[in-house]
Amino acid sequence: MSDAATNGQPLIEGRNLTVHFPAGATGIPLFNRQHNVLQAVDGVSIAIHRGETLGLVGESGSGKSTLGRALILLRPPTSGEVLFRGEPVTAARGAELRTLRRSLQIVFQDPYGSLNPRARIGDIVAEPLIVQKVGTKAERTARVRELLEMVGVSSRLVDRYPHQFSGGQRQRIAFARALAVNPEVIVCDEPISALDVSIQAQVVNLLEDLQSELGLTYLFIAHDLRIVEHISHRVAVMYLGKIVETAPAAEFYRRPAHPYTRALLRSRPTLNAVRSGDGRRATEALGGEPPSPLAPPPGCRFHTRCPFVQAERCRDEVPELRTLRQGHHVACHWAEQILDGTIEPRQEESAAPQLQLTRNGG
Amino acid sequence: MTEPTAAPLLEISHLNTVFPTRSGLVRAVNDVSLRLDRGRALGIVGESGSGKSVTMLSVLRLLSPPGRVESGSVRFDGRELLELSEREMTRVRGAGIGLILQDPMRSINPTRRVGDHIAEGLRLHLKLNRRQARARTIEYLGMVGIPRPAERVDDYPHQFSGGMQQRVMIAAAIACEPELLIADEPTTALDVTIQAQILRLIDNLRTELGVAVILITHDVAVVGSFCDEVAVMYAGHVVEQAPSRTLFTDPRHPYTLGLLRSAPEDDTSERRRLVPIPGMPPDLARLGDGCPFAPRCEFADDRCTSSSPMLRELEHDHWLSCWADVTAETARVPAAAGQEET
């Protein structure tokens, strides 16, 4: 399903999406003088095909969750357009929006915060059915049992409360709720970050099973690059509100072109390096910190940290997301030269800022 | 590797820590023994509830009541910590052992200036006066990579990013020149690129200043990369311990194998289905006589459920607590991966 998926019309698509938040808002009108704007998502276009998993990675504050919410109409974009099955849906309201919501669901990071602690899990899973006025009470009860079994939670436990379940089981319940109304697209917003390693694998396998059984389409938001590599057909990287690179997963991990992607991949420790006895050296730290999204740098937003930054263009010309080769897009003026090695990284940027390590008095 | 000529810096022997609760006595740490030589880095991996943090809180005697050390010994720099007076222990915590916690936003006092967090320890433990403490604070802020430390010393924590706050906590932990730095999930709350910076910083402190490091994390690749030796904990027990390269090339405990198989491989072309460890960790208030991992272990037999294996030395420096003789080869992924959770 993955390879064919990239042809034809996308199931869901964001065109030139921008989401701005008023910043410095205090909640007290008198003090809301400054009109700063936080550009959480800035002119992003993104398309996901039916049955595909698009992994979305980036640091906190890069706008990945906001983009996910805008795409499934939970957060109205400041400008730009969302298309679902090729139809523009950005302006949908009322009954039309409610119908669309059946198709567009989300699962959140924290299974402790996202389930009402006072509701029985059966009622939690039934809620979308009630909101959407699906079936009779008896039909809903049967459907809830079916959903719980589908995600691997015994349907005998419908009368239990969330606190009686482990984190992994709660996340299964959250998926059962999302699946209740037969959605086509599920935004998975860091769905496994709060879980232990061995439990993460269980939930990842569940996600893959559900996708092959139900033909689901996922936007999988995460910061763990290894899990994203495993689960995604394509990967997109965000930095300060913009997508800087997107490519098929295999290409993304083997031939990353954007300096930020390259830095992300090099800053994760790998067991392969440990096994070959060079774990310490293999991990490279990118210097600096992401600038404030309130005042993004001019030109390429990554130029303040970029080890490949050039005197020309980088500081004053915003790089557009352009096609490097089939399916591989990058927003860097110098991607080709970086890939073929004509431009080399500055040495001092390849490691963390050198520390002055001298011990006082001895 | 290194000859064990000198006494280890830290030697934990047969430590047992318990928490009395309404549902019974929770055995959080069970017969844990660990040793660490000066200037070395020891990693402790395990899932939540495996006892890795409680072991370190026991060492520092920072357990919150009614938690208590039931038995065992903790020798640090030749002294038995469990017998020190509270006053002496305070000195060890400040100047002997530095501690860095997971979430800098929570371990920092938002109403006090950044520099105060460091100067406080300097004045208390090293008896520096206000001016000396300030000078040294600025020096340490610079050392951990805070730009323009002389200006930033008077900032409040909210003016710092998460990564910068964690640098401040590291500066506070090392300013009194401890022999040992305990870092409990120091990078879990931070972004990937910042994680690498902080791990680099801790590693540089170890190599340049000779501070021994205990790094507690759930990320096997992180401990493998930055520690000389790794101990794997499960249900309050050390189940396997070895030099990190050995542990990750030749893991011998079924739990260690399970941890490695449940995470995706690096840089592989084929998409292998992940193999989760079935079931869930045991209730620490109801540990039986057998191996605590037996209920989830695909190799468990009668012996495993009836008596708990002792930690024994397999080969030089490679310790294992398991009855079964399992290797990565003999434990090739079984076709049916067993039922998953529930």
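**Group meeting: a strand, a helix and an interface**

I start with strand β3 of chain B, residues 41-45: five of its five residues are buried, so β3(B) is largely enclosed by the rest of the structure. Buried here means that 20 or more other C-beta atoms lie within 10 Å of the residue's own; exposed means 12 or fewer, partly exposed is in between, and C-beta atoms are placed from the backbone. Strands (E, at least two residues) and helices (H or I, at least four) are DSSP runs, numbered from the N terminus.

Before going on, the provenance. This is a predicted model, in which local features need pLDDT of at least 70 and side-chain atom pairs count only at pLDDT 80 or more, while totals for chains, interfaces and linings use all residues. Residues are numbered from 1 along each chain as its sequence is written, and chains are lettered from A and ligands numbered from 1 in the order in which they are written.

Back to the strand. In a regular strand the side chains alternate between the two faces of the sheet. From β3(B), B:Leu42 and B:Ile44 point one way, B:Ala41, B:Gly43 and B:Val45 the other, and all are buried.

What does β3(B) pair with in the parallel sense over five bridges? That partner is strand β8 of chain B, residues 212-217, where B:Ile214 stands opposite B:Leu42. β3(B) also pairs in the parallel sense with strand β9 of chain B, residues 229-234, over four bridges; there B:Val45 faces B:Val232. Pairing requires that DSSP finds at least two bridges between the strands.

Next, helix α5 of chain A, residues 137-150. Its 14 residues reach 20 Å from first C-alpha to last, close to the 20 Å expected at 1.5 Å a residue, the expectation being 1.5 Å times one less than the number of residues. A:Val144, A:Leu147 and A:Leu148 are buried in α5(A). They lie on the same side of α5(A) because they cover an arc of only 95 degrees around the axis, taken from the directions from the helix axis to the C-beta atoms. The buried residues pack against α4 (121-131) and α6 (167-179) of chain A. The face turned away from the buried side carries exposed A:Ala138 and A:Glu139. Just after α5(A), A:Gly152 takes a positive phi of about 85 degrees.

Last, the interface. 49 residues of chain A are in contact with 52 residues of chain B, contact meaning C-beta atoms, placed from the backbone, within 7 Å. On the side of chain A that touches chain B, α7(A) gives the most, with seven residues.

How values were computed. Contact = placed C-beta atoms within 7 Å.
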